[in-house]
Amino acid sequence: MFAVLVLGVCSLKGGVGKTSVTLGLASAALEHGLRTLVIDLDPQGDATMALGARAAGDGDVAAVLDAPSAETVAAATVLSSWADDGLDVLAGSERSALHDRLDDEDVDRLRFALSWVSGYDLVLVDCPPSLGGLTRTGLTACDRAVVVTEPGLFAVMAVGRAMRTIDELRRGPAPQLQPLGIAVNRVRARSVEQAFRLEELRTLYGPLVLSPFVPERAALQQAQGAAQPVHAWPGAAAAELATTFEGLLERALRAPKR
Ligand SMILES: Nc1ncnc2c1ncn2[C@@H]1O[C@H](COP(=O)(O)OP(=O)(O)OP(=O)(O)O)[C@@H](O)[C@H]1O
Ligand SMILES: [Mg+2]
């Protein structure tokens with residue numbers, strides 16, 4: 001039977017690594033031959049750019065949210081330049097910001113649009129840096145959500161708010177939604193402050209703290225800047241990142257699928 005996992009990547013805080021985790025998971029999925037769709041819900045369109053994808057004409061995620069249909073979904077779905085086959089992008093758009101309002105009519109639109117999405121093993125939803133309407137719409141379409149954080153004070157505090165939002169959606173429009181866990185990004189081996197925050201995360205969230213942690217490595221930015229998957233980037237640091245994202249993907253795939 002065909003089974004797909006729809007996984008949202010979110011955080012309240014900006015710049016903690018949502019897009020980097022999304023791209024890392026997409027790279028690992030490509031390496032493992034999983035047919036993957038990345039939905040770029042962020043009006044900044046970072047994932048679309050790093051995946052070497054470009055919206056064709058008016059087809060983009062904003063058009064899908066305006067009017068979810070087989071046609072708008074097909075028009076918004078473009079190939080990533082990372083591979084000839086197996087990795088598609090539902091292209092991001094500045095106009096999706098118009099959907100970042102907290103009105104319940106909108107919240108089901110992406111889930112509805114997913115009924116015209118088929119042929120994938122994995123759907124990744126890269127959310128914008130807020131828990132506003134777009135993120136809620138994105139997570140409502142998901143089976144599992146990863147909350148991304150850095151091991152710093154403000155980011156750790158923001159995890160609690162993201163977890164509460166997931167819980168609130170689960171008790172409302174998205175009963176299928178479960179937190180997969182917390183992905184910890186930009187980890188440095190010898191930081192005393194980070195070690196303290198990591199301990200705090202483990203105390204607060206126990207097994208929801210996902211391993212492995214994602215180390216801080218310039219290779220990640222280099223691969224993104226070149227619109228390449230980290231698995232194709234040379235050097236030991238890129239190989240370490242590749243292994244890390246494979247570990248996180250494996251963890252995500254253990255979640256039950258629909
Ligand atoms: N582990 C890492 N090592 C080095 N650089 C990183 C790492 N993770 C993220 N970065 C860099 O930090 C910046 C922010 O990361 P990213 O865009 O993934 O965050 P984001 O949470 O998606 O941001 P936004 O909230 O704007 O969507 C990017 O330039 C990215 O390349
Ligand atoms: Mg981002």
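Phe 112 is partly exposed, at 48% relative accessible area, where partly exposed covers the range between buried (under 20%) and exposed (over 50%), using a 1.4 Å probe and protein chains only. Trp 116 falls in the partly exposed class too, at 36%. The rings of these two residues sit with their centres 5.1 Å apart and their planes at 75°, so the pair is edge-to-face. Rings of Phe, Tyr and Trp (its six-membered ring) pair if their centres lie within 6.5 Å, with planes under 30 degrees apart counted as stacked, over 60 as edge-to-face and the rest as tilted. By this rule the count is 1 aromatic pair.

A word on the model itself. This is a predicted model in which local features need pLDDT of at least 70 and side-chain atom pairs count only at pLDDT 80 or more, while totals for chains, interfaces and linings use all residues. Residues are numbered from 1 along each chain as its sequence is written, chains are lettered from A and ligands numbered from 1 in the order in which they are written, and side-chain values use heavy atoms, leaving out hydrogens and water.

Now for the inside. A nonpolar core here is a set of buried Ala, Val, Leu, Ile, Met, Phe, Trp, Tyr and Cys residues joined through side-chain atoms within 4.5 Å. The largest one has 42 residues, and those with the most contacts inside it include Ile 39, Leu 90 and Val 123. Helix H7 (residues 153-171) gives the most to this core, with 6 residues; helices (H or I, at least four residues) are DSSP runs numbered from the N terminus. A second, separate core holds 41 residues, among them Leu 25 and Ala 242. Setting aside neighbours within four places in sequence, Ile 39 touches Val 61, Leu 110 and Asp 126, among others, a contact being heavy atoms within 4.5 Å.

Helix H1 runs over residues 18-31 and spans 20 Å from first C-alpha to last, close to the 20 Å expected, that is, 1.5 Å times one less than its number of residues. H1 is mostly covered, with 12 of its 14 residues buried, including Lys 18, Leu 25 and Ala 29. After H1 comes Gly 33, with a positive phi near 75°.

As for disulfides (cysteine sulfur atoms within 2.5 Å), the whole structure has 0. The cysteine sulfur nearest to that of Cys 127 belongs to Cys 10, 5.7 Å away. Cys 127 is buried, at 0% relative accessibility. For Cys 142, the nearest cysteine sulfur is that of Cys 127, 6.4 Å away, and Cys 142 is likewise buried, at 0%.

Definitions and conventions. Helices (H or I, at least four residues) and strands (E, at least two) are DSSP runs, numbered from the N terminus.
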